[in-house]
Amino acid sequence: MHQWNPFNPPTGVIVIHSAGRNLVAWIIPLGARLMQLFLQHNDQWRPLVLGFKDPTFYEQDTESIGAICGRYANRLEEGRIRHRDRWFELDRNHPLGHCIHGGKEGTGQQAWTLHTEGSSCVRALCVLPDAHMGFPGQCSIEVRYWIEDTALHFTIDAAVSKPCPLNFVQHAYFAWDRPNQYQLQLHASEAILTDHRELPLAQVDVTQTDTIFSHMKPLISDNQDNLPTIDRAFIIDRKRPSSSQVKAATLETTDIRLNVSTTEPLIHVYTGQGIQHNQHDVIGQQHQPLRSICLESENFPNGPALEKDVWYERDRPYHQHTTWNFEILC
C-alpha cells in the first residue's frame, strides 16, 4: 500500500489536523471539498474517503465526491418550487428532469474562499446571487471544518435575502476497507421509499423495506464483491431538540468504527453506484461503483413539494452541525 504523507499535500490544499496530529483533513476551494481524511493507525496513515491525487481532477467529477452540495441537495421535482402564489423554475440537471444538488453550478461546483483558523480549523465562504440556478434570493454560506482528537466536525450556516428552501449535505464517500468488511447500523425507525422518478413516495417503517439496519449487521455477505445498491433516506430517531446532535449512523470494519451524529432530521445512505472506475489517479481505495458509502446528513428530499419545513428567510437562518467520530478498535 502506498504510504501518503498527509502533511505534504498537493498545491492548493489546506491541511487541518488534531492537536495530537493523528487525524488530518485536506480541504480544497472547489465545492469546499473534503479531498481526503487520514487517520493514523498502527504507525500508518489510513485514507478514509474516496479522493483524487490532484485537486484539478475534481473539475471533471460528476459524483460530488467530498463536496458541500446545495443550495438544495438531493432532488427537487421537475426543477420547480412554489412559494405562496409564485413558481420558480430551477436548473434541471438531473437525467429525469429534476434539479439535484442545487443545479449544475450548485455549491459543489463553486470556488469557495478558504480561511484557516489555527491548525485544526478552516472556514469556507460562498455567496450565490439572487436567481442563481433559479433559486430566489442571495444566499451566503459558511462552512467550518474542525478536528478534535479523532473527530471531524463541520457546521454549515446559511442566510438568504428572500424566502428560499435550503438543504446542504457533505458528500464524502467512506472507503477504507473491502466492501465485505463493512457493518452498518442506522438509528432510524422509518425510511422513505421512492418512485420510478427517484422521488419520495411514502414514509414507512424500516421493517417494510429491504434496508433494515436497526442493529449492526454486515452490508453484504462474504461471497459478494460489491455493496448492495442503496440510495435511500432514513428518518433519524430523535428524542432531543432539533438544535442538538443525535446519533444517526455507525459504520465499522474490523479495526475502525465511525459514528455519525447530526442536527439534521435525516441520514441518506448511498452506495456509490454512479462512481466511475479509476485506480491510478486516487489516494486510498480505488474508485469503483458499489465499493464506498455516503452517509449524508440532510433534510427531506423534494421537501418543498412535500410541504416540509425547509424554507428559510432573513430572520430564520439555516444551521447544521454534524460530527464524524472515528474509533480505532484494534
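**Close-up views of a predicted all-residue model**

**Figure 1. Surroundings of Thr 271.** Beyond its neighbours within four places in sequence, Thr 271 is in contact with Leu 227, Pro 228, Thr 229, Ile 230, Leu 290, Arg 291, Ser 292 and Ile 293. The model shown here and in the other views is predicted. Thr 271 belongs to the loop between β24 (266-270) and β25 (282-283). With a relative accessible area of 0%, Thr 271 is buried.

**Figure 2. The whole chain, for orientation.** The chain holds 28 strands and 0 helices. Its radius of gyration is 19 Å, close to the 20 Å given by the globule rule for 330 residues, so the chain is as compact as a globular protein of that length. The C-alpha trace spans about 60 × 45 × 40 Å along its principal axes. Of the 330 residues in the chain, 57% are buried. Among contacts with a separation of 6 or more, 65% are between residues 24 or more positions apart. The accessible surface of the chain is about 14,100 Å², and carbon and sulfur atoms account for 44% of that surface. The chain carries 28 positive and 38 negative side chains, and the centres of these two sets lie 3 Å apart.

**Figure 3. Surroundings of His 98.** His 98 sits in the loop between β9 (86-89) and β10 (99-100). The relative accessible area of His 98 is 1%, and the residue is buried. Leaving aside neighbours within four places in sequence, the contacts of His 98 include Arg 75, Leu 76, Glu 77, Glu 78 and Gly 79.

**Figure 4. Glu 198 in its loop.** The loop between β18 (188-194) and β19 (200-205) contains Glu 198. Glu 198 is partly exposed, at a relative accessible area of 32%. Apart from neighbours within four places in sequence, Glu 198 is in contact with Arg 75, His 94 and Leu 96. From Glu 198 to Leu 90 the distance is 18 Å, C-alpha to C-alpha, and the two residues are 108 residues apart in sequence.

Figure 5. Ser 64 is not a glycine, yet has a positive phi of about 55 degrees. Ser 64 lies in the loop between β5 (51-52) and β6, and is buried at 12% relative accessibility. The peptide bond from Gly 70 to Arg 71 is cis, and its omega is near 15 degrees. Arg 71 is part of the loop between β6 (68-69) and β7 (75-76). Glu 78, also a residue other than glycine, has a positive phi near 55 degrees. The place of Glu 78 is the loop between β7 and β8 (80-83), and Glu 78 is partly exposed at 39% relative accessibility.

**Figure 6. Ile 328 in strand β28.** Ile 328 is found in strand β28, which covers residues 318-328. At 42% relative accessibility, Ile 328 is partly exposed. Setting aside neighbours within four places in sequence, Ile 328 is in contact with Leu 39, Gln 40, His 41 and Asp 255. Arg 257 is 71 residues from Ile 328 along the chain, and the C-alpha atoms of the two residues are separated by 6.5 Å.

Figure 7. The disulfide count of the model is 0. The cysteine sulfur closest to that of Cys 139 belongs to Cys 164 and is 6.2 Å away, too far for a bond, because a disulfide requires a pair of cysteine sulfur atoms within 2.5 Å. Cys 139 is buried, and its relative accessible area is 0%. Cys 330, by contrast, is exposed, with 56% relative accessibility.

Key: Residues are numbered from 1 along each chain as its sequence is written. This is a predicted model: local features need pLDDT of at least 70, side-chain atom pairs count only at pLDDT 80 or more; totals for chains, interfaces and linings use all residues. Side-chain values use heavy atoms; hydrogens and water are left out. Helices (H or I, at least four residues) and strands (E, at least two) are DSSP runs, numbered from the N terminus. The radius of gyration is taken over C-alpha atoms; the globule rule is 2.2 Å times the number of residues to the power 0.38. Buried means under 20% relative accessible area, exposed over 50%, partly exposed in between (1.4 Å probe, protein chains only). Contact means heavy atoms within 4.5 Å. Accessible areas come from the Shrake-Rupley method with a 1.4 Å probe; for residues, only the protein chains shown count as cover. Lys and Arg count as positive and Asp and Glu as negative; His and the chain ends are not counted. The place of a charge is taken as NZ of Lys, CZ of Arg, CG of Asp or CD of Glu.
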